[in-house]
Each structure stands twice: as structure tokens, then as C-alpha cells.
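I opened my notebook to look up a few contacts.

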Amino acid sequence: MKLLDERIWSLFKHHWHQTLTYWSVFFSFGLCIAFLGPTILDLRCQTQSTLQQITWVFFSQQFFLLVGSSLGGLFKKTLLSSLSALFSCTLIISLVFAIIPLCHHVVLLSIAMAIAGKAMGVIDTIANLQLVKLYQKDSAIFLQALHFFIGLGALVSPLVADPFLAEDSCVLGANLTANSSSSSSADLQHLRSSLAGHGAALHNVSQYPLHTEGTVITRVSYAFWIMALINLPVPAAVLTLMYYERLLPCFSNSPHLLDKDSLSSTSTAGDSGQDHGSMFGCCNPAKLRGRPPTFFLLHALGGAILFITDGIIGSYAGFVYTYAVSPPLLMGHKTAGYLDSIFWASITAGRLAFIYLSYRYTAPRLLTFSLAGVILVQCMLLIFYTSCVFLFIGTCVLGLCISSVFPSMLALTEDLLDYKGCATTVLVTSASTGEMILQLLVGSVIHSQGSYAFLLCCTIASFIGFSLFLLLLYVQHIHRNCHTGFLQRPEDTHDPSFSAEDDGKGAPEEKSQGKLSFLHLPPA
């Protein structure tokens with residue numbers, strides 16, 4: 001185990017600059033994804049819009065995040081294009097934070113959030129792609145850390161915004177009375193907690209009267225300007241990485257730093273700009289021609305599992321407050337408001353813990369434990385649906401269990417596909433789609449069937465996700481045999497990606513089996 005410790009540490013020391021940069025980029029992603037819920041009512045005052053109108057900015061951000069995730073693969077061909085896209089997107093996020101206080105109409109705010117959402121989607125795809133490309137079969141540990149930084153950014157954003165949020169109505173109407181002023185603080189807290197899930201619970205809060213005409217009193221602009229400053233070091237870090245990699249125009253004739261080193265997680269080809277497109281060519285017919293059906297099934301099953309699990313995360317974060325304040329629990333608004341924060345804090349803590357667990361255990365074992373744990377917690381929540389205490393306990397455990405599914409599934413799927421498919425793009429896009437669509441579906445069911453349907457929907461989705469994972473394990477067993485036969489085909493021996501990597505290092509099929517063998521070996 002000591003040898004493995006030294007190897008992983010050596011890999012990190014070799015790629016520390018790139019790795020820390022990608023982690024910081026995901027901090028920027030988390031910072032941007034979490035600020036809208038707490039500040040939405042102050043933004044409503046700023047734009048003097050209705051609650052129904054302002055919630056369109058949630059949809060704008062989520063939809064264009066999905067678009068950005070789909071388009072992110074366009075920038076993967078070279079390290080220069082990937083880092084240029086990351087620099088542009090992180091800088092755009094800072095600019096959006098800075099201009100949001102200047103958006104005094106809901107349409108302008110929606111456009112700003114659409115731009116930010118697209119930048120976030122590109123960041124999501126590229127950062128995952130680059131880390132997988134950098135570490136390949138050792139990427140699970142570093143992906144867990146990458147997604148930990150999302151949670152860290154998501155925790156910082158509300159903390160920055162909280163001191164500047166209005167405690168009472170931030171639009172003073174002409175008929176405002178002392179009684180309405182004293183009750184508005186509790187109402188606003190209830191509205192903020194209900195809107196934490198991207199405006200999904202709008203039908204439960206629309207009865208609250210909110211002024212759209214009058215004197216606007218809000219200090220939320222300072223929160224956005226502070227977050228813009230907090231985020232500025234991130235594009236600076238990306239630019240610094242481009243400088244050290246000799247990717248800036250003034251250093252275009254100098255050799256890249258990576259070309260001077262020989263240490264790599266799997267092969268030197270993973271770091272060369274020439275192979276960036278060939279190894280991750282999603283739409284290259286030459287690469288897909290002749291692939292077995294299991295190759296495409298693994299893409300589909302991996303995407304479907306993340307569609308379900310990220311949908312559960314979005315649905316639970318969006319509706320746990322609504323469920324808590326509804327019968328039979330009837331929890332106090334302030335107490336119930338902690339549930340969403342506890343859920344995201346447990347996800348962040350879980351990803352931190354799984355950094356070590358990903359080193360000790362294989363991805364299938366971690367996924368089995370996580371998905372089985374999600375089912376168990378959801379069933380217990382159904383059984384003890386009248387217990388407020390267990391709702392807090394279950395929320396914490398659910399966040400811990402589900403936290404590692406995305407990075408573990410990404411590492412597993414890419415390894416099963418021998419880093420030759422487009423698993424990262426497919427999985428990231430599927431996760432973004434599931435978070436948006438499943439949340440809307442669960443919201444519709446709650447609206448028609450009642451709040452108890454919230455737990456029932458999440459439990460059914462958990463069983464579906466675990467069933468899909470079992471099917472993926474069966475398909476990967478078939479694919480391993482098909483993949484070995486595919487690598488032995490004569491026409492594949494002329495693939496430059498194999499000849500460059502395996503020259504003097506053994507047969508391609510032996511190398512592939514070595515990559516896949518970590519799925520079945522006991523932990524070190």
C-alpha cells in the first residue's frame with residue numbers, strides 16, 4: 001500500500017498545477033449554482049416583478065446549463081481550447097455577478113442567468129473531461145475532490161449573501177401597515193426556503209402578497225459584487241496555467257512543460273494535445289465504427305443512472321422544505337429551513353470522505369454501497385414519515401450516501417470504455433437533464449397528490465437507479481469479453497492511439513485488461 005501511496009502522490013505532484021486549477025474552477029461552478037435561491041426575493045424587488053415572473057430566471061439558468069454541458073465537448077480537442085474555454089467561462093461568471101445588480105428588468109436578469117448557466121455547463125463538462133484525461137484509471141480519487149469543491153462553493157455563496165438579504169419587504173407599497181411589516185419577515189423566510197429548489201415549489205407560496213410598485217430597499221448588490229471579487233482568482237489561475245503550459249500566443253513557439261516530463265498516470269499520450277481529440281472523439285465515425293452494442297449500452301446506462309441520482313438530489317433539495325412544513329409533520333418554517341443546508345453540507349462532507357474511500361475501494365463497491373444506502377434511507381423515511389427527528393437524520397445520511405455517485409460512476413464508465421468513448425459528455429449532460437426534468441415531474445406529482453408523494457417518488461427513483469446499476473454490471477461483464485475481441489481485430493492494430501501507447505509496453509489487450517482489472521481486485 002505504501003508503493004501505491006507514493007505512486008498516487010507522485011501523480012499529483014506531477015499534475016498539481018492543473019489539478020488545483022480544475023478544482024478551483026469547480027469552486028466557481030458551486031459559487032454560481034447556489035446563490036440564486038437565497039437572493040431570488042431581493043432580485044424580485046430589484047426587478048419589481050411578480051413571483052411568477054422572477055422564477056423564470058431559475059428555468060433560464062437550468063436550461064442553459066444543460067445546453068452548456070452538451071456544447072462543452074466541442075472544446076475538448078486540445079488543451080489550448082479547453083483552457084481557453086475555462087478561462088472565458090470563469091471570467092464570464094465574475095462579470096455576470098458584477099452586472100446582476102444593474103439588471104432592473106426580469107428579462108435582462110434572465111439573459112444574464114442564461115449566459116451564466118451556459119458558462120457553468122461548459123465548466124462542468126470540460127473540468128471533468130480534463131481530470132479523467134489526466135489521471136485515467138486513477139481519476140476516481142481526484143474526481144471526488146473535484147466535486148467536493150462544488151459543495152464548498154455552494155456553501156460559501158449563501159454565507160456571503162445572507163448579511164445583505166432584506167429581512168422585511170424590500171418593496172414598500174403605499175398601503176404597508178405596521179402589522180404587515182411585522183409578519184413579512186417570517187413570510188419572506190418561508191418563501192426563501194420554499195424557493196430553494198429552483199422555484200419548483202411555486203404553487204405552495206403564490207398566495208403571499210408581494211408588492212411590485214413602490215420604493216425599492218435592497219442591499220443585495222453588495223453580495224454579488226463580493227462574489228464577483230471572490231471568483232476573480234479562478235480565471236487568473238486558469239490564465240496562469242496557460243502561461244506555464246506555454247499556451248499563450250507569446251509562448252506558442254516554446255515547448256510545452258508537459259512534453260518535458262515522462263511521468264503519467266497511464267501513458268504520455270494522455271497529455272499530448274494531438275490525442276485529446278482522438279481519445280475522446282464523441283462524434284468520430286471512424287472511432288465508433290465496429291464497436292459492439294455493449295459500448296453504446298454502457299454510455300446509455302451510465303447516463304440513465306446519473307439522470308436518476310442527480311434528479312433525486314435536485315428533487316430532494318427542492319421539496320424537502322415543502323414536505324417538512326406540510327401535514328403530517330407541520331414543522332416550523334425556521335426549523336425546516338435548515339434541512340436544505342444540512343443536505344448540501346452532508347453531500348460536501350460525503351465527497352470529502354469518499355476521496356479516501358475511492359483510494360481504498362473500487363468504484364463498483366462504492367456505487368453498490370451508495371445506491372443501496374440511498375434506497376435504505378428512502379425506505380426508512382417512508383416508514384418514519386411522521387418523525388421530524390428522523391427527517392433530519394435521514395436527510396444527513398441521504399446526502400452522505402448519494403454524494404459519491406456522480407464521480408464514481410464517471411470514473412467507472414470511462415474505465416469500462418477504456419477512455420475511448422464520450423462517457424464524460426454523455427454523463428454530465430444526462431445529470432443536468434435529470435436534475436431539471438425529474439424535479440419538474442416530482443413537483444407536478446406533489447401538486448396533484450400531496451406532499452407524501454415526494455418521498456414515494458424519490459424511493460421509486462432510487463429503486464430504478466439501483467436496478468440500472470445492476471444491469472450496467474451485467475453489461476460490463478459482456479463488454480469485457482467483446483472489448484477483448486475488438487482489440488484483437490487486425491484493423492485496430494493500426495490505430496495510432498494504440499501504437500503510440502503500447503510500443504514496447506505489451507499487447508493492447510493486455511493493457512486494456514490491466515485497466516479493467518481494478519474493478520475486480522480486492523482493495524489494496
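Predicted model: local features only at pLDDT ≥ 70, side-chain atom pairs only at ≥ 80, totals over all residues.

Next I listed who makes the contact. H2 brings Thr39, Asp42, Leu43 and Gln46, while H9 brings Val220, Ser221 and Phe224. I sorted these residues into 3 nonpolar, 3 polar and 1 charged.

**Aromatic pairs**

I found 22 aromatic pairs in the structure. I picked phenylalanine 26 and phenylalanine 29, which are stacked. Their centres are 5.6 Å apart, with 20 degrees between the planes. Both sit in helix H1 (residues 2-34), 3 residues apart, so about one helical turn separates them. Phenylalanine 26 is buried at a relative accessible area of 0%. Phenylalanine 29 is buried too, at 5%.

Then I checked phenylalanine 35 and phenylalanine 97. Their ring centres are 5.1 Å apart and the planes stand at 70 degrees, so I logged the pair as edge-to-face. Phenylalanine 35 lies in the loop between H1 and H2, and phenylalanine 97 lies in helix H5 (residues 79-99), so the pair ties together parts 62 residues apart in sequence. I noted both as buried.

I also traced a cluster linked by ring pairs: Trp9, Phe12, Trp23, Tyr135, Phe142, Phe148 and Phe149.

**Charges over rings**

I noted the charged end of arginine 246 over the ring of tyrosine 243, 5.9 Å from its centre. The charged end of arginine 360 sits over the ring of tyrosine 361, 5.7 Å from its centre.

Technical notes: Residues numbered from 1 in each chain as written. Heavy atoms only, no water. Contact = heavy atoms within 4.5 Å. Helix = DSSP H or I, 4+ residues; strand = E, 2+ residues; numbered from the N terminus. Nonpolar A, V, L, I, M, F, W, Y, C, P; charged D, E, K, R; others polar. Phe/Tyr/Trp six-rings, centres within 6.5 Å; stacked < 30°, edge-to-face > 60°. Buried < 20%, exposed > 50% of the residue type's maximum accessible area, 1.4 Å probe, protein only. Lys NZ or Arg CZ within 6 Å of the ring centre and 35° of its normal.
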